[in-house]
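Look at the structure below, and then follow how its parts touch one another.

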Amino acid sequence: MVLSKNKNLKICLAASAGGHLTELLKLADSWQQYEVFYVSTANMVAKKLNRYGPTHVVGECNREHLLRVFLVLFRCVRVIIHERPNVIISTGAAVGCIMCFLGKLLGAKVVWVDSITNVEWISLSGRMVRHIADLFLVQWPELAEQYSNVEYSGAAI
Amino acid sequence: MIFLTVGTQFPFDRFVRAVDNIFDQGLIDEEIFAQIGETTYKPHNFESVASLDKNLFDKRLKEASSVISHAGIGTITMALSNNKPLLVMPRLKKYGEVVNNHQAAIAKRFSELGHLLIVYDVKDLPNGIRKLKDFIPRERKASPDAIADRIRRFLDSLQD
């Protein structure tokens, strides 16, 4: 039975509120058969996401506010220990990056879809995750030629 | 009605004030409805609200003849999928309006592809708004299904 087999995977879907999340949700067909949970950055989107699956809001952070990074990191650690996903799928940004690295530490596979807003270079988060990603997709064909281990299969938007 | 939106995450005073000024100069002959988020400047020429829930946002968008906005990917996506003529002015890092200039990069590429109009500075806004009247956006053929399919194949491969 295909369905029961698919239940073997638990997938973490991680994206910052806003464009990153918009892009991620466009790809929902890929995880329909699996158990999923969401990690995002703002309470505003939690209401919507809760309809699709359990949702953890860990807050927003970026490189410029190190204290916030540690707070968000701490929350992400709690989520990953609690949920124990087998796969992380993320469209970025910082929180997605953190979830990918934490997931990898616990043996999860990592799927990164770099945001379509990265036209000339892949994102900073993407450049870090590229080294640990099991599947790394970009949304402009030129970028796939520019980097190794990077694939283009289409644009979400 | 022109729908003006700047998202809800950061203010965009430079943009809202400029559109209000253009209205003062009599260069806009259409009603505007604005969603201005955290913007502190309050326009006096048109109605504005801080935020709209999704249904109301969709309703305003569908009613609009055209859209003028920041270059948020969410707004761009919705305008394109509703086939609305769209003029964007990217938020810029140098004014503290955004943490990086990705907005400008994606909007520039989309304007090159004919999907939208772009201005980078308030002084070009009147001209942009004038052009918007006759602008017919090129339809964007996105392929989220192709990406979803690639990810699905990857997930399937993990089961073997």
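**Contacts between and within chains**

In this predicted model, the contact between the two chains draws 29 residues from chain A and 24 residues from chain B. On the side of chain B that touches chain A, helix 3 (73-81), helix 4 (102-112) and helix 6 (144-157) of chain B each supply at least two residues. Helix 6 of chain B gives the most to this side, with ten residues. Sorted by class, the side of chain B that touches chain A has 13 nonpolar, seven polar and four charged residues.

Now turn to the interior. In soluble globular proteins, nonpolar side chains tend to be buried together. The largest nonpolar core here has 87 residues, and Ile88(A), Val95(A) and Met99(A) touch the most other members. Helix 5 (residues 94-105) of chain A gives the most to this core, with seven residues. Leaving aside residues up to four places away in sequence, Ile88(A) touches Cys12(A), Ala14(A), Met99(A), Cys100(A), Gly103(A), Ala108(A), Val110(A) and Val111(A).

Helix 5 of chain A also packs against another helix. Its axis and that of helix 4 (residues 66-83) of chain A come within 10 Å and cross at roughly 45 degrees. Because of this angle, helix 4 of chain A is oblique to helix 5 of chain A. The crossing of these two helices is right-handed. Helix 4 of chain A makes the contact through Val72(A), Leu73(A), Cys76(A), Val77(A) and Ile80(A), and helix 5 of chain A through Val95(A), Ile98(A), Met99(A), Leu102(A) and Gly103(A). By class, this contact has nine nonpolar, one polar and no charged residues.

Conventions:
Residues are numbered from 1 along each chain as its sequence is written. Chains are lettered from A and ligands numbered from 1 in the order in which they are written. This is a predicted model: local features need pLDDT of at least 70, side-chain atom pairs count only at pLDDT 80 or more; totals for chains, interfaces and linings use all residues. A nonpolar core is a set of buried Ala, Val, Leu, Ile, Met, Phe, Trp, Tyr and Cys residues joined through C-beta atoms within 7 Å. A residue is buried if 20 or more other C-beta atoms lie within 10 Å of its own, exposed if 12 or fewer, and partly exposed in between; C-beta atoms are placed from the backbone. Helices (H or I, at least four residues) and strands (E, at least two) are DSSP runs, numbered from the N terminus. Two residues are in contact if their C-beta atoms, placed from the backbone, lie within 7 Å. Ala, Val, Leu, Ile, Met, Phe, Trp, Tyr, Cys and Pro count as nonpolar, Asp, Glu, Lys and Arg as charged, and the others, Gly among them, as polar. Axes are lines fitted to C-alpha atoms, for helices over the stretch in contact, and angles run from 0 to 180 degrees between N-to-C directions. Angles under 35 degrees count as roughly parallel, over 145 as roughly antiparallel, 65 to 115 as roughly perpendicular and the rest as oblique. A crossing is left-handed if the near helix is turned anticlockwise from the far one by less than a right angle, and right-handed if clockwise.
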